[in-house]
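Hi,

Here's the structure I promised to pass along.

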Amino acid sequence: MYEWLKAFHIISVIAWMAGMLYLPRLFVYHCEADAGSRQSETFKVMERRLLRAIMNPAMIVTWLLGLWLAYSGGWFSAHWFHIKLALVILLSGAHGFLSRCVKDFAA
């Protein structure tokens, strides 16, 4: 069971990071499109779908499975885990920033 949880954790991390890297690229394409154009509206839909359908669920699964794995392995007292947790908190903050940008672009 542990190996399956770890595999799904890694898959969710990859999906989350792919979204974190692709969303800023969509912002660049969106900025190049004329405001109010059909292309601009398409980018708005793409950004929202990427955030809501891929990035948000992947982040949630990453957190849940990561904490579950840490609890199962007894790693909460390990120093490397504290560093990893701090980095994941920073990534979650970046995720929040990007999601705020999606809302700003939609307005």
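**Aromatic cluster and pocket**

One aromatic cluster is made up of Y2, W75, F76, W80 and F81. Keep in mind that this is a predicted model, where local features need pLDDT of at least 70, side-chain atom pairs count only at pLDDT 80 or more, and totals for chains, interfaces and linings use all residues. Residues are numbered from 1 along each chain as its sequence is written, and side-chain values use heavy atoms, leaving out hydrogens and water.

Searching the whole structure turns up six aromatic pairs (rings of Phe, Tyr and Trp, the last by its six-membered ring, with centres within 6.5 Å; planes under 30 degrees apart are stacked, over 60 edge-to-face, the rest tilted). The Y2 and W75 ring centres sit 6.5 Å apart with planes at 80°, so that pair is edge-to-face. Y2 is in helix α1 and W75 in the loop between α2 and α3, so the pair ties together parts 73 residues apart in sequence (helices are DSSP runs of H or I, at least four residues, numbered from the N terminus). W80 and F81 also pair edge-to-face, at 6.1 Å centre to centre and 90° between the planes. F81 is buried at 7% relative accessible area, while W80 is partly exposed at 44% (buried is under 20%, exposed over 50%, partly exposed in between, with a 1.4 Å probe and protein chains only).

As for the largest pocket, 21 residues line it, with H9, T62, G66, K84 and V88 nearest its centre (a pocket is an open set of points on a 1 Å grid over the protein atoms alone, where a 1.4 Å probe fits, with protein on both sides within 12 Å along at least five of seven lines; lining residues have an atom within 4 Å of a point). The elements giving two or more residues to that lining are α1 (2-32), α2 (38-73) and α3 (79-106).

Cheers
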